[in-house]
Amino acid sequence: MSAQIIEYKTVIAGERMSASDGATMPIINPANGTVIARAPKCGSNEVNLAVAAALKAAPEWASKTVGERSKVLLKLSQLIMANLNELARLETMEHGSPIRKTMNFDVPLCAEQLEYFAGVGRALTGETLPVGPWCTSMTIREPLGVVGLITPWNFPALMVVWKLGAALITGNTVVVKPPSITPLTTIRLAELALEAGAPPGVVNVVTGPGETVGEALVQHPDVTKIGFTGDTVTGKRIMSLASSSVKQVGLELGGKNAFIVLADADVDSAVEGAVFGAFFNTGQVCAAASRFYIHESLYDRFTEKFVEASSHLKYGDPMNMETVLGPVAYAAHRDKIEGYIERAKKAGADLLLGGERPDTPDTKDGFFVAPTVFGSCSNDMEIMRDEIFGPVIALCKFKTNEEAVALTNDTKYGLSASVWTKDLEN
Ligand code: NAD
């Protein structure tokens, strides 16, 4: 039986739209490699239409009270929960994230975040400044106008909502550019925003490749700010393109996050934290624990328990409620991760778990990478230095806390780190 392929339209100026040249792109379910839908492959024409619609809608949206905008956000939050099943299934199908996660984490958190923005917007104030008795000096917060939101695929809905909530409550209109591989939840969110009472043109979506649609949005003269989350290389490119029109740019970029286990740590707690930090969302998290520094006195004990716990993680069909680890989001990403694994083996890292492509009935056609752990790593190895963005972990020993700090700081990234100890003085 061949599955039905749904043709999606995007949302521009409150209308459902295809690309003007009719181009579409396939949306592939990474759990089994099948095409589940097609989405418009927009170009600069649709970017121009979307920005024009957002520009037209901006004065009216900006003139609403925060209370009025807040009500739209709260309604959208309610509609998201009313459509929980549909949104969770859609995200699982386009991204591969297990249904137990999309149902219990991603979609409910989208709704909660909109409640947060609806509330926090009411608390934003300006300031008065004591310049002197001869003048009254004050700051007033004003909307920027049209904001471009460029999002990554690792949490398709949540990454949109974090940006959307902040932009809308402060009176801006938006053009969202979701990733080519996971645009469906974004389109659905824009439809729900209309239903929630956002006037046409306040939320627009342009689906299509970053190099064309994304760059057109970044360079558009009527876009005042770009909010971007994604790869560091892309962030640099966006920053440089935005400079031609001196746009504001907000960048949230990659990480290679250290997980440091000190000599006095509770090993069982550290292992529990490590399994979650390393494998949540199949390791496709900017703040994922990825390079581990473990004090030599408990390296063997930690490693044994971590490998044992990781070996029991259930991976496979993400639509199964028991599944904890889904596939990675697309085939080329799986191939890239496998390249890292092969080079780590050649570089002399000690493969302790995984490292092979899974081949069970429910994984053989999907883009799966088994939880993979390398021991005996050193800081000069590629797997300790590059963001892999998958379920691949590198373990390294250290002797002193000073050495752990130096190893942690020896990175081109800055994002997050965690320290496991029973003594806060550490
Ligand atoms: P990516 O940079 O490849 O793509 C992100 C978005 O940018 C996509 O919508 C893409 O189409 C678009 N894009 C690509 N090239 C572009 C260009 N030249 N001009 C304009 N837009 C362009 O990143 P990704 O692979 O989707 O996401 C993974 C990355 O995101 C990882 O590095 C991860 O660490 C990072 N990330 C960071 C955070 C954070 O909060 N710091 C959160 C999530 C993900």
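Set aside neighbours within four places in sequence, and Arg-334 is in contact with Val-328, Arg-357, Gly-366, Phe-367, Phe-368 and Val-369. The model behind this is predicted. Arg-334 belongs to helix H11, which spans residues 331-346. Is this arginine buried or exposed? Arg-334 counts as buried because its relative accessible area is 8%, and the cut-off for buried is under 20%. Its side chain also has a polar partner: a contact of 2.9 Å links Arg-334 to the side chain of Asp-335.

**The ligand site**

How many residues surround the ligand? The count is 26. The closest are Thr-151, Lys-177, Glu-215, Thr-234 and Glu-387.

| Residue (backbone N or O atom) | Ligand atom | Distance |
|---|---|---|
| Thr-151 | oxygen | 2.8 Å |
| Gly-230 | oxygen | 3.4 Å |
| Leu-253 | nitrogen | 2.8 Å |

How much of the ligand does the protein cover? On its own, the ligand has 850 Å² of accessible area, and the protein covers 89% of that.

**Val-275 in helix H9**

Helix H9 runs over residues 267-279 and includes Val-275. Val-275 is buried because its relative accessibility is 14%, against a limit of under 20%. Which residues does Val-275 touch beyond its neighbours within four places in sequence? They are Phe-280, Phe-306, Ala-309, Ser-310 and Leu-313. Take Ala-309 from that list. Val-275 and Ala-309 are 34 residues apart in sequence, yet their C-alpha atoms are 7.3 Å apart in space.

**A nonpolar surface patch**

Now to the surface. Leu-129, Val-131 and Trp-134 form a nonpolar patch there. Together these residues have about 340 Å² of accessible area. Where does Trp-134 sit? Trp-134 is in the loop that connects strand S6 (127-129) with strand S7 (137-139). Trp-134 counts as exposed because its relative accessible area is 67%, and exposed means over 50%. By contrast, Arg-334 at 8% is buried, and so is Val-275 at 14%.

Notes. Residues numbered from 1 in each chain as written. Predicted model: local features only at pLDDT ≥ 70, side-chain atom pairs only at ≥ 80, totals over all residues. Heavy atoms only, no water. Patch = residues over 30% accessible without salt bridge, like charges linked within 9 Å, V, L, I, M, F, W, Y side chains within 5 Å. Areas by Shrake-Rupley, 256 points an atom, 1.4 Å probe, with all protein chains shown as cover. Salt bridge = Lys/Arg side-chain N within 4 Å of Asp/Glu carboxyl O. Helix = DSSP H or I, 4+ residues; strand = E, 2+ residues; numbered from the N terminus. Buried < 20%, exposed > 50% of the residue type's maximum accessible area, 1.4 Å probe, protein only. Near = heavy atom within 4 Å. Polar contact = N/O pair within 3.5 Å; in protein donor to acceptor, adjacent residues only side chain to side chain. Contact = heavy atoms within 4.5 Å.
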